[in-house]
Amino acid sequence: MRESKARILVPAGSIYRVSGPMTIIVEEGRVLLGGWVYKSGDKISISSYRSYAFKALEQSVVSLILMPGSSIEKPVPEEEPLEKWIEVADNIISSCDHEDSGKPCIVYVTGPTDSGKTSFCSFLANRAIAKNKSVAIIDADVGQSDIGPPGFISIAFPEKPFLWMRELWAKELVLVGSITPSPVVGRIITGIKRLLETARSKNIDLVIIDSDGWVSGMQALEYRIDVVRSIDPSYIVVVGDDVLHASLSKIIGMNNKIVFIESPKRVITRNRTDRRFLRRESYKKYFEDAKELEISINDIVVIGSCLFSGINITNSLSNTLSNNMQCKILYASQLPGSICLLVSEDCELSRTDLQGLANTMNVGEVLVIRKGDEKGVIASVLDDKMREVAPAIIESLDVENMVLKIRTRYKGVVKGIVVSKLKITRDFEEAGKPTRYLI
Ligand SMILES: Nc1ncnc2c1ncn2[C@@H]1O[C@H](COP(=O)(O)OP(=O)(O)O)[C@@H](O)[C@H]1O
Ligand SMILES: [Mg+2]
């Protein structure tokens, strides 16, 4: 099947629902899509992973280039919540205007997976940009992140309209190191707060926070409440889950500022394979044309590593152990209550060896890293103000010369790196669960 073309006359006020891959060209009139008003001559490219509703604000003519898999239909009345989305977005923007306190207006958007959170965040951002507001978006969805790569939360400052948040680039990030929120709730909260500080320092009018879809169960509710209490948003928008809306309203008690909006009727559902594919695309976005960089470990700060968070005891330990272990220790580090070893690839250490070592050194744990573990570890780069400014991937670690090779798009001076336990393959696929230190 090849692409097909269509030209349709859309009467003023009519709504259509489209799903990609397709291109829409506005020939005549004005069309509202994703919160932005497109005019005659504008071209809109819709990805195969996205669907939207558009509304003609006056009688319009649109040309469609439909690729295989795309569709266009007219929603049945009451099915499409577009009017309500417009009302809620515009109310938020205008009431934020009145606050006029010099503080940014913070909008936290929550709801289940695929409910339309990211779509509403984009919608609100585009409407605010159209009204000349300065906007920041914090993408705090660690699993299906659209701005930064998975495992990060990030901030972007869109100045032009955009269709999908994936078009935006992170200006600053926080590496939380997990693609599911539950093990890293504290880091997510600290990360959002840090990025909010950045938005404040730039005098942003409106900060929109997108979030993960973990909303089911008591633990998820507690996490959501912790987030809300820490960031103290001006508005909470709950998408598509009226029970979540009721619970949050009851507990947080800022009822006039907790708004419920319906989810759009879903035309495209993402299965696990799609989600995995989209995560791979996100890594690719930041790493595909990243440049290799060699940094001297002694000149930078390394955060999140067990090898470089302690005192180098390589020589003294090797002397103590040389007789009773079959293993080459390449680097050893002493930390409070633990030691961390980098051993050669072929090294076999039994439980008894490790227990013996812990006893000799009088520590509670011995953490072992194998040469080669470092390849593909996800990290981020710190600038001279110790801000995480770009994602990075670790290529190799040479402890003899204390040189770390990374790949990143960052072009400034690297003053430090933050490393995670997340790892990806050469093909940008996730490699295993992040449970142990890799550096
Ligand atoms: N008005 C709409 N009509 C049809 N589909 C929509 C509409 N708005 C958004 N969608 C689609 O719904 C899906 C889920 O939306 P998304 O905003 O990514 O959800 P979430 O961020 O909550 O996971 C996406 O494929 C998106 O393109
Ligand atoms: Mg989303």
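Tutor: Pro434 counts as buried because 21 C-beta neighbours lie inside 10 Å. A residue is buried if 20 or more other C-beta atoms lie within 10 Å of its own, exposed if 12 or fewer, and partly exposed in between, with C-beta atoms placed from the backbone. The model is predicted: local features need pLDDT of at least 70, side-chain atom pairs count only at pLDDT 80 or more, and totals for chains, interfaces and linings use all residues. Residues are numbered from 1 along each chain as its sequence is written, while chains are lettered from A and ligands numbered from 1 in the order in which they are written.

Student: Where does Pro434 lie, and with which residues is Pro434 in contact?

Tutor: Two residues are in contact if their C-beta atoms, placed from the backbone, lie within 7 Å. Pro434 lies in the segment after strand E26 (416–423). Leaving aside neighbours within four places in sequence, its contacts are Gly177, Ser178, Ser420, Lys421 and Leu422.

Student: How many helices and strands are in the chain?

Tutor: Helices (H or I, at least four residues) and strands (E, at least two) are DSSP runs, numbered from the N terminus. The chain has eight helices and 26 strands. Its C-alpha trace spans about 85 × 55 × 40 Å along the principal axes, and 41% of the 439 residues count as buried. Among contacts between residues at least 6 apart in sequence, 68% join residues at least 24 apart.

Student: Which domains does the assignment give?

Tutor: Domain bounds come from an automatic or database domain assignment. Here the assignment gives domain 1 (4–73), domain 2 (82–285) and domain 3 (289–439). The C-alpha centres of domain 1 and domain 2 lie 26 Å apart, and 15 residues of domain 1 are in contact with 18 residues of domain 2. On the domain 1 side, strand E2 (15–19), strand E5 (36–39) and strand E7 each give two or more residues. By class, that side has six nonpolar, six polar and three charged residues. In this scheme Ala, Val, Leu, Ile, Met, Phe, Trp, Tyr, Cys and Pro count as nonpolar, Asp, Glu, Lys and Arg as charged, and the others, Gly among them, as polar.

Student: Is helix H2 mostly covered or exposed?

Tutor: H2 is mostly covered, with twelve of its 14 residues buried. Among the buried ones are Lys117, Thr118 and Ser119. The expected span of a helix is 1.5 Å times one less than its number of residues. H2 reaches 20 Å from its first C-alpha to its last, close to the expected 20 Å.

Student: How are nonpolar cores to be read, and which residues touch the most other members of the largest one?

Tutor: A nonpolar core is a set of buried Ala, Val, Leu, Ile, Met, Phe, Trp, Tyr and Cys residues joined through C-beta atoms within 7 Å. In the largest core, of 101 residues, Val107, Ile137, Ile153, Ile208, Val237 and Ala379 touch the most other members. This core draws at least three residues from each of domain 2 and domain 3. A second, separate core of 20 residues includes Val18, Ala53, Ala56 and Leu163.

Student: Which backbone values deserve a remark at Asn132 and Pro21?

Tutor: Most residues other than glycine have a negative phi, and most peptide bonds are trans. Asn132, in the loop between H2 and strand E11 (135–140), has a positive phi near 65°. Asn132 counts as exposed because it has 7 C-beta neighbours inside 10 Å. The peptide bond from Gly20 to Pro21 is cis, with omega near 5°.
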